[in-house]
Amino acid sequence: MANTAAKKSEPKMSRALVRQETIAGYLFLLPSLVFFIGFVIYPMVMCVFTSFFDSTMNRADVFVGFQNYINLFHDSVFLGALRNTLIIVIVSVPITCIFSLWVASAIVNMPPWATSLFRVIFYLPVVTGSVAVTVVWKWMFNNYYGIFNYLGKSMGILDQNINWLGDARYALGCIILILLTTSVGQPIVLYVSALGNVDQSLVEAAEVDGATKLQAFWKIKWPQIMPTTLYILVITTINSFQCFALIQLLTSGGPNHSTDTIMYYIYYTAFKLYKYGYGNAMGVILALMIAVLSAVQFKVTQSD
Amino acid sequence: MEATKTAAPATEQTKKKKKKVSPYMVFSTIVIILLAIAFAFPLYWIITGSFKTQVSINATTPEWWPSEWVATNYAKLFSRQKAPLWEFAVPFSSNFSKDGKDIIWWSGPQVPAAIRWLINTVFMAVASMILTCITSAMAGYALAKKRFVGRSVLFTLIVCAMALPKQVILIPLLREMSSLNLYNTIWAVIFPIVGWPFGVFLMKQFSEGIPGEMLEAARIDGASEATTFTRIALPIIKPGIGALAIFTFINSWNDYFMQLIMLSSTSKLTISLGIAKLQAENSTDYGLIMAGAALAAVPIIIVFLAFQKYFTKGITMGAVKG
Amino acid sequence: MKKQVSAILAAGMAASLLVGCGGGSTSTAPAESTSTAASTEAAAPAESTEAGQAADITLWTYPIGKWGDSESVDALLADFNAQYPDIHVTVEYLDYTNGDDQVNTAIEGGSAPDLVMEGPERLVANWGAKGLMVDLSDLWTDDQKADISASVESACKDSSGAYYEFPLCMTAHCMAINKTVFEAADAMQYVDAENHTWTTDNFLKAVQAVYDSGKTDVGAIYCSGQGGDQGTRAIINNMYGGTFTDAAHTKYTADSAENVKAIETLHNQDGINFDASINGGEEITLFRNGTLQMAFCWNIAQQTNSDNSAAGTTNNGDDILFMAFPTESGDPALCGGIWGFGIFDNGDENKIAASKTFINFMANSDETAKAVKTSTYFSVKNSLSDLYADDEVMNEYQKLMPYLGDYYQVTPGWAEARTAWWNMLQQVGEGADVTTAVTEFCTTANAAAAG
């Protein structure tokens, strides 16, 4: 943004040049704009528009004003989904960041081959893809012969099987755990590179001055990796909001709506209950939430 | 600059390593190894599981190593459903064909549907990657280097739209695709990916680094806009394009949601969707599912391992500029 | 060569004449007169003979026996195309988890299939009620009605008398027990193995006996999704004589005292677990691998399945005995499956006619026996009741067919009611009060039925 202001006052241009620049600019933008307006902006507008209608399959839409929104806030399933979504975001974002920072700082000092080996391994679940990974997790969490119950019992931690995905107390936790394994890959890669770029002489100087490892980290490394951390915060937040495949494939929002997220509930409303207007209203709410959150994060980034 | 920076600490690290081994380091190394085993386990289980017999995969005590290696799961996977290896439709033919479906002018031999799913996925990921890179590089260059009316408005719009999950607009998007006759075609998955403005944003950040004097000089030399872009801008932002390409490739490969909504017939599925369907249909037949999952995972992992360096670089660069 | 072709065509025509389907005609001149004759004789509507001779149609099938398996369906299609070479059928195989979503997105996306193979709960109560299906009254000739039982017929039409399904096959869903384990636990004394029935009291005693013998996971009220949910409905309805809907199929009555008692009894019973992590299919796997000792999601196709071990045995060789659901009255009401074809109204007369030709060929011709056997279930036609005469298991299973109960799945709001049902079971499993949960279920379901 600051750039824009600076450039504007730069050289003064002739009117013809301005016109030429404008035409050229839009020509360069054209292909991108076609897709952007056609498949992002237009559906977004339609989403807001339809959210004021009672819209379903095979019937003309009926205008209902804000009724969908009013219903939403009386819909206990939606409120539960909202809560679950926030829990997922609030729990998984900090854990992802801390965990990946810890792993990165542990592996960055290893010999290069080991660093790169571990980096690859932690990135594996990302490339394997959530669907394939989920298949295994479903088996691992199985009530009767899953690996967690098997190991738990053979090591004497559990005295009876826990129905991980079938028990409202554990299901959301399991989802968050799987989400973690599929989302730490990228942050680890980023942190390894950021930590590798930290000026090592400063750290050593501090240590010579008698600073503890922790102090050295906090005072010297942390400020330097701050931009990376912010970026990781943004992407993991967006990722956590989008958590869908795990829920669709593992629990379908159950048991008793304990793992419903807004994302899944939109899908469910649209394709199981065919309430399109209602689903769109939910989409608008979610979009607003994310917009506010991004704005906050953007502000924080700018102020730093 | 970055290169020198990374090289220096690397040597220092190795030196330091020899100096002392603290108990904390031993502890952390052990934990990291255990974690690594846990992270690699799903993949291990998919691959070995795909070669197990039906009985041993459903055994109540886990069988850590297949007691008997069989290929029946793969045989079943490949014999289940067939689809033509490729199908080329007349572009836009669904708009004027009698039944609203594409007119296929060339379709390949019948092969196991799983192979076709892989081909669909690769096509989808590569096409999204290429289209995104081209459109974003052009748009990002224009946003960074051209002064025109509405630029800042547009840029703000892009930043706002970036954070928005695609899923929010799934219902209107689905209706739009069906009115464009694109529903149940791979393009219905590709176009929203290409429209997503992250690429434009990233390329704008990279394009800021193009020196204005070079562009000025080119203009004075009488170079056309197109020439200026391809000769001067492109070489400078090339690393950025590489990063964006890798980014888009991974994202579209894993974009399960759009695929689920937009694709339905057997010959149109992607590999993740195919596996999800396998799981739903045969939730009991874990061997078959594992074979499908292995087929989905192994090719991309091989690609990843082969281009590991570029992946890492791509991810990091995207972050630095993003 | 030419002679041969026309001979085959003539034979095909003759076949269609014999079964009175009158759907088939090809563009060759000599055949046309035959086909006209066929249509007048069978009094089939004109459109199905004159239109629909050449078309590309799509058939979406749910996994109904081997109808979910491309190899066997391809064999049937080959027979079909031998007779109707110009009707090209593309088949899509759906599953019960994503299938509905897929059909619904396809409808929303304007590319619904022409033909779909499923039961009345979808064809009649869901898509039919939404006005998406073609009325098949013309296929339901008087001969058909005479050959198909009244309860099946009534399930295939809606309250206004429009037929949205032409049925092919049916079965009764039942449950199964691990006979070997039951014997070891001395629980067989509670089972009438001869007639495959038991009383509610004996059922509970048997469960307790098996539980006491050390097999703590006896059965599971699975409720992760709708897969196999007829089993959970059937066990709960049968135990104390409750019903799922009223007799007129207008409202849901699962909150009756009988049902509440059944759910409470099951929930309090040792060895019966309300499991929100598995569905019917997964329950069967657990039953087969010896984890569970009884399965509520069972039918003849399961009984004869020999993918993992010999038919009628578990993976480790224990004997499986299929059973009716336990009742107090001794007269179980089994949920049936009635599967057949429906046609989506895509506005193309030619395709609709071709689809009707296809239905007639599969469900109403010499091919029907093969088509029914592909489903591994029983024919809906009385004239084909001896289809499996030489098959011992099938004959034994036929004992359960008289218990076939009311086909209540056509009650309005069915899709929502199903979803609410497993949600309700999940709540009970989480310890919610049964009466409250069931009442809430009925409120939701009846709201959907009314809307």
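**Exercise 1. Determine what share of the 322 residues of chain B count as buried, and describe the chain's contacts and secondary structure.**

Step 1. A residue is called buried if 20 or more other C-beta atoms lie within 10 Å of its own, exposed if 12 or fewer, and partly exposed in between, with C-beta atoms placed from the backbone. By this rule, 48% of the 322 residues of chain B are buried.

Step 2. The structure is a predicted model, in which local features need pLDDT of at least 70 and side-chain atom pairs count only at pLDDT 80 or more, while totals for chains, interfaces and linings use all residues. Residues are numbered from 1 along each chain as its sequence is written, and chains are lettered from A and ligands numbered from 1 in the order in which they are written.

Step 3. Two residues are in contact if their C-beta atoms, placed from the backbone, lie within 7 Å. Of the contacts in chain B with a separation of 6 or more, 74% join residues 24 or more positions apart.

Step 4. Helices (H or I, at least four residues) and strands (E, at least two) are DSSP runs, numbered from the N terminus. Chain B has 15 helices and 4 strands.

**Exercise 2. Locate the "transmembrane region" features of chain B and describe the spans 228-250 and 288-307.**

Step 1. An unreviewed UniProt entry places the feature at residues 24-47, 117-141, 153-174, 186-207, 228-250 and 288-307 of chain B. Positions are in the numbering used here, feature names are shortened, and annotations may be inferred rather than shown by experiment.

Step 2. Residues 228-250 of chain B are 100% helix and 0% strand, with end C-alpha atoms 31 Å apart.

Step 3. For residues 288-307 of chain B the values are 95% helix and 0% strand, and 29 Å between the end C-alpha atoms.

**Exercise 3. Characterise the side of chain A that touches chain B.**

Step 1. The contact between these chains takes 79 residues from chain A and 79 residues from chain B.

Step 2. On the chain A side, α2(A) gives the most, with 20 residues.

Step 3. Ala, Val, Leu, Ile, Met, Phe, Trp, Tyr, Cys and Pro count as nonpolar, Asp, Glu, Lys and Arg as charged, and the others, Gly among them, as polar. The side of chain A that touches chain B then has 53 nonpolar, 23 polar and 3 charged residues.

**Exercise 4. Do likewise for the side of chain C that touches chain A.**

Step 1. In this contact, 23 residues of chain C meet 17 residues of chain A.

Step 2. The elements of chain C giving two or more residues to this side are α5 (99-108) and α18 (414-429); α18(C) gives the most, with 6 residues.

Step 3. By class, this side of chain C has 4 nonpolar, 12 polar and 7 charged residues.

**Exercise 5. Decide which residues of helix α12 of chain C are buried and where they lie around the axis.**

Step 1. Helix α12 (residues 257-268) of chain C has 12 residues and reaches 16 Å from its first C-alpha to its last, close to the expected 16 Å. The expected span is 1.5 Å times one less than the number of residues.

Step 2. Asn259(C), Val260(C), Ala262(C), Ile263(C) and Leu266(C) are buried in α12(C). They lie on the same side of α12(C) because they cover an arc of only 160° around the axis, taken over the directions from the helix axis to the C-beta atoms.

Step 3. Ala257(C) and Asn268(C), on the other side of α12(C), are exposed.

Step 4. The packing partners of the buried residues of α12(C) are β6 (219-222), α11 (229-239), β7 (272-275), α18 and α19 (434-450) of chain C.
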